[in-house]
Amino acid sequence: MEDRAETLGADSDGCVVDVIARQFVAGLGRTEDVAFSPAGRRLAVAAFARNSIGVVDFDRCGHPPRWVSSQVREFHSPELIRPHGLAFVDEDVLAVANRSGDVELFRLPDTGSSEAGSRIVRLDVTGGELSKVSSPGSVVVNRLPDQTLELIVCDNRRHQVTAHRITLSAGSAQVVADDVLVKSGLDVPDGAAVDGSCLAVSNHFHHIVLIYDRLRLHGGDDGPQAILRGSHYPHGLFFTPGGRFLLVADAGGAFVHLYERPGATWSGALFPKRSLRVTTDEAVASAPNREEGGPKGIAIAPDGQTFAVTGETVPFEIYDLEALVNGDIGTDFDSEMRFSYELAVLDSNDRRARRLAAATAAADKRLVRRVAHLRAWIRYQRRRRAM
């Protein structure tokens with residue numbers, strides 16, 4: 001590994017990932033999500049505009065780990081249609097939420113395989129209502145106490161979160177149960193995270209993250225037990241091991257926010273404990289959409305020591321989680337940041353109201369024109385009959 005030392009870069013935040021991995025992810029263009037495999041040896045990235053999945057196989061050493069890529073590959077499939085959310089089912093099977101397609105399961109080549117730049121194999125998924133998710137934006141794999149697997153999916157178009165219990169075989173999967181978890185009060189749920197009975201859901205246009213007690217969810221209309229404020233457009237979410245903290249990628253800002261559970265359970269209205277700048281304000285402003293310029297994908301490595309962040313204008317990086325929790329990196333979320341957040345929410349709500357008013361006025365004009373045309377047609381028919 002010493003012959004690769006010249007490709008490693010470290011910044012003031014103490015994170016180390018090699019240049020090869022950074023350049024590879026940068027070449028994928030607009031990235032929406034990132035996921036570690038259960039063993040932490042590989043990392044997948046959703047390349048939204050390229051309709052592909054980037055996979056980096058890593059070797060690690062030291063504490064915090066130094067990440068050195070052993071192989072980088074980009075995989076394609078006709079079923080990858082604007083991939084937006086990722087989650088590993090096991091070391092080789094990856095669940096993908098396609099914003100313009102379905103939730104699909106793919107089998108990746110083994111780590112170290114020479115199959116570079118090839119297509120990946122889709123597993124047949126039968127039964128249940130997984131295919132009825134109209135615009136899947138995020139997918140989470142939840143390992144239940146009885147050792148069965150559950151896919152939790154954010155439906156961006158229907159503004160709801162659903163759960164689908166699955167069983168896996170060699171080349172297929174079967175959905176054996178479906179459930180609607182949350183459907184009340186959501187406006188584009190863009191991300192989800194699970195820790196035991198806690199379910200966190202990002203609520204894009206409400207500028208908040210909602211945390212629910214999964215055991216009390218029945219039919220989708222139950223309210224949250226905690227509301228997390230401070231993220232302009234929350235996107236990717238990830239609980240730390242043990243569930244004491246939650247990382248939130250703010251797609252409308254330059255930060256990843258760290259929220260802390262106030263006691264034994266998540267409760268009340270909370271602001272971030274600390275925020276880590278992962279890009280510049282200028283980079284966020286350069287994005288075509290101000291809601292999309294910040295970090296999108298976030299994932300904590302299985303060992304709980306580091307976390308990865310990615311986005312279209314956010315350089316791919318792996319950070320020291322312990323340093324963020326301890327305050328060695330990042331800044332406290334102070335009153336000035338709260339005020340900036342509240343102003344941004346007011347501005348966003350005002351812009352949405354103006355867009356809605358303009359759309360309503362345009363629809364009214366179209367209706368008036370149609371009525372006028374109808375009346376003219378009726379008058380014409382009457383004149384014809386009178387002739």
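The structure is a predicted model. Its mean pLDDT is 89, with 94% of the residues at 70 or more. The largest pocket has a volume of about 1000 Å³, and the second largest pocket has about 450 Å³.

**Confidence**

- The mean pLDDT for the chain is 89, but residues 1–10 have a pLDDT below 50.

**Largest pocket**

- The volume of the largest pocket is about 1000 Å³, and 46 residues line it.
- Val140, Val141, Arg143, Val194 and Phe238 are the lining residues closest to the centre of the largest pocket.
- Strands S3 (31–36), S7, S11 (136–143), S15 (189–195), S19 (234–239) and S24 (297–300) each contribute at least two residues to the lining of this pocket.
- S11 gives the most to the lining of the largest pocket, namely 7 residues.
- The lining of the largest pocket is made up of 25 nonpolar, 12 polar and 9 charged residues.

**Second largest pocket**

- At about 450 Å³, the second largest pocket is lined by 24 residues.
- His232, Gly252, Gly253, Ser340 and Ala344 are the lining residues closest to the centre of the second largest pocket.
- Strand S21 (255–260), helix H2 (281–286) and helix H4 (335–386) each provide at least two residues of the lining of the second largest pocket.
- H4 gives the most to the lining of the second largest pocket, with 9 residues.
- By class, 10 nonpolar, 8 polar and 6 charged residues form the lining of the second largest pocket.

**Cavities**

- The model has 2 cavities of 30 Å³ or more.
- The largest cavity has a volume of about 40 Å³.
- The lining of the largest cavity consists of Asn142, Ile152, Val194, Gly196, Ser197, Cys198, Leu199 and Arg214.
- By class, the lining of the largest cavity has 4 nonpolar residues, 3 polar and 1 charged.
- Val194 is listed in the lining of the largest cavity, and Val194 is also among the lining residues closest to the centre of the largest pocket.

**His84**

- His84 is in strand S7, which spans residues 83–88, and S7 supplies at least two residues of the lining of the largest pocket.
- His84 counts as buried because its relative accessibility is 3%, under the 20% cut-off.
- The side chain of His84 forms a polar contact of 3.0 Å with the side chain of Glu32.
- A polar atom of the His84 side chain also lies 2.5 Å from the backbone oxygen of Gly137.
- Leaving out residues up to four places away in sequence, His84 touches Glu32, Asp33, Ala46, Phe48, Ala97, Asn98, Arg99, Pro136, Gly137, Asp190 and His235.
- Asn326 is 242 residues from His84 in sequence, and their C-alpha atoms are 31 Å apart in space.

**Ser231**

- Ser231 sits in the loop between strand S18 (226–228) and S19.
- Ser231 has 0% relative accessibility and therefore counts as buried.
- A polar contact of 3.1 Å links the side chain of Ser231 to the side chain of Tyr259.
- Not counting residues up to four places away in sequence, Ser231 touches His207, Val248, Asp250, His257, Tyr259 and Tyr341.

- Arg82 is not a glycine, yet its phi is positive at about 55°.
- Arg82 is located in the loop between strand S6 (66–76) and S7.
- With a relative accessible area of 37%, Arg82 is partly exposed, since that class lies between the 20% and 50% cut-offs.
- Val188, a residue other than glycine, also has a positive phi, near 65°.
- Val188 is placed in the loop between strand S14 (172–182) and S15.
- The relative accessibility of Val188 is 15%, so Val188 counts as buried.

Definitions and conventions. Residues are numbered from 1 along each chain as its sequence is written. This is a predicted model: local features need pLDDT of at least 70, side-chain atom pairs count only at pLDDT 80 or more; totals for chains, interfaces and linings use all residues. Side-chain values use heavy atoms; hydrogens and water are left out. Helices (H or I, at least four residues) and strands (E, at least two) are DSSP runs, numbered from the N terminus. Buried means under 20% relative accessible area, exposed over 50%, partly exposed in between (1.4 Å probe, protein chains only). Contact means heavy atoms within 4.5 Å. A polar contact is a pair of N or O atoms within 3.5 Å; within protein, one must be able to donate a hydrogen and the other to accept it, and residues adjacent in sequence count only if both atoms are side-chain atoms. On a 1 Å grid over the protein atoms alone, a cavity is a set of points where a 1.4 Å probe fits but cannot get out, and a pocket is an open set with protein on both sides within 12 Å along at least five of seven lines; lining residues have an atom within 4 Å of a point. Grid points are joined across faces, edges and corners, and a volume is the space filled by probe spheres set on the points. Ala, Val, Leu, Ile, Met, Phe, Trp, Tyr, Cys and Pro count as nonpolar, Asp, Glu, Lys and Arg as charged, and the others, Gly among them, as polar. pLDDT is the predictor's confidence in each residue, from 0 to 100.
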